[in-house]
Amino acid sequence: MITNPSEKTGLKKISKMSFEEAISRLEEVAQTLSSQKINLDQMIELYEEGNALKEHCSSRLNEAKMKIEKITIEKKS
């Protein structure tokens, strides 16, 4: 159980995470939230962190998609 969500990763550090690191941390956050063994304030902090991780992962996926589309378009030309 994680008692202090920011002890493992602060919200500022998320932007520096790889996609794989962010997904792994998001899984940890989801598991901790599911356990319901933390207080409300900790749940809110974890929810905020989880949301930031989700946004980061979504952004990384969009970047990858754009790169693949660019390669595909260049190959057709």
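Trainee: Before we start, what are the helix axes and angles here?
Mentor: Axes are lines fitted to C-alpha atoms, for helices over the stretch in contact, and the angles run from 0 to 180 degrees between N-to-C directions. Keep in mind throughout that this is a predicted model.

Trainee: OK, so how do H3 and H4 cross?
Mentor: The axes of H3 and H4 come within 9 Å and cross at roughly 150°. Angles over 145 degrees count as roughly antiparallel, and H3 and H4 are therefore roughly antiparallel to each other.

Trainee: Is that crossing left-handed or right-handed?
Mentor: The crossing of H3 and H4 is left-handed. On the H3 side the contact includes Phe19, Ile23 and Leu26, while H4 brings in, among others, Met43, Tyr47 and Arg60.

Trainee: How many residues of that contact are nonpolar, polar and charged?
Mentor: The contact of H3 with H4 divides into 12 nonpolar, 3 polar and 4 charged residues.

Trainee: Switching topic, which residues make up the largest nonpolar core?
Mentor: That core has 8 residues, namely Ile14, Met17, Ala22, Val29, Ile38, Leu46, Leu53 and Cys57. Helix H3, spanning 19-35, and helix H4, spanning 40-76, each supply at least two of the core residues, and the largest share, 3 residues, comes from H4.

Trainee: And the chain overall, how many helices and strands?
Mentor: The protein chain has 4 helices and 0 strands, and its elements run α-α-α-α from the N terminus on.

Trainee: What percentage of it is buried?
Mentor: Of the 77 residues in the protein chain, 23% are buried. As for contacts between residues at least 6 apart in sequence, 68% join residues at least 24 apart.

Notes. Residues are numbered from 1 along each chain as its sequence is written. This is a predicted model: local features need pLDDT of at least 70, side-chain atom pairs count only at pLDDT 80 or more; totals for chains, interfaces and linings use all residues. Side-chain values use heavy atoms; hydrogens and water are left out. A nonpolar core is a set of buried Ala, Val, Leu, Ile, Met, Phe, Trp, Tyr and Cys residues joined through side-chain atoms within 4.5 Å. Buried means under 20% relative accessible area, exposed over 50%, partly exposed in between (1.4 Å probe, protein chains only). Angles under 35 degrees count as roughly parallel, over 145 as roughly antiparallel, 65 to 115 as roughly perpendicular and the rest as oblique. A crossing is left-handed if the near helix is turned anticlockwise from the far one by less than a right angle, and right-handed if clockwise. Contact means heavy atoms within 4.5 Å. Ala, Val, Leu, Ile, Met, Phe, Trp, Tyr, Cys and Pro count as nonpolar, Asp, Glu, Lys and Arg as charged, and the others, Gly among them, as polar.
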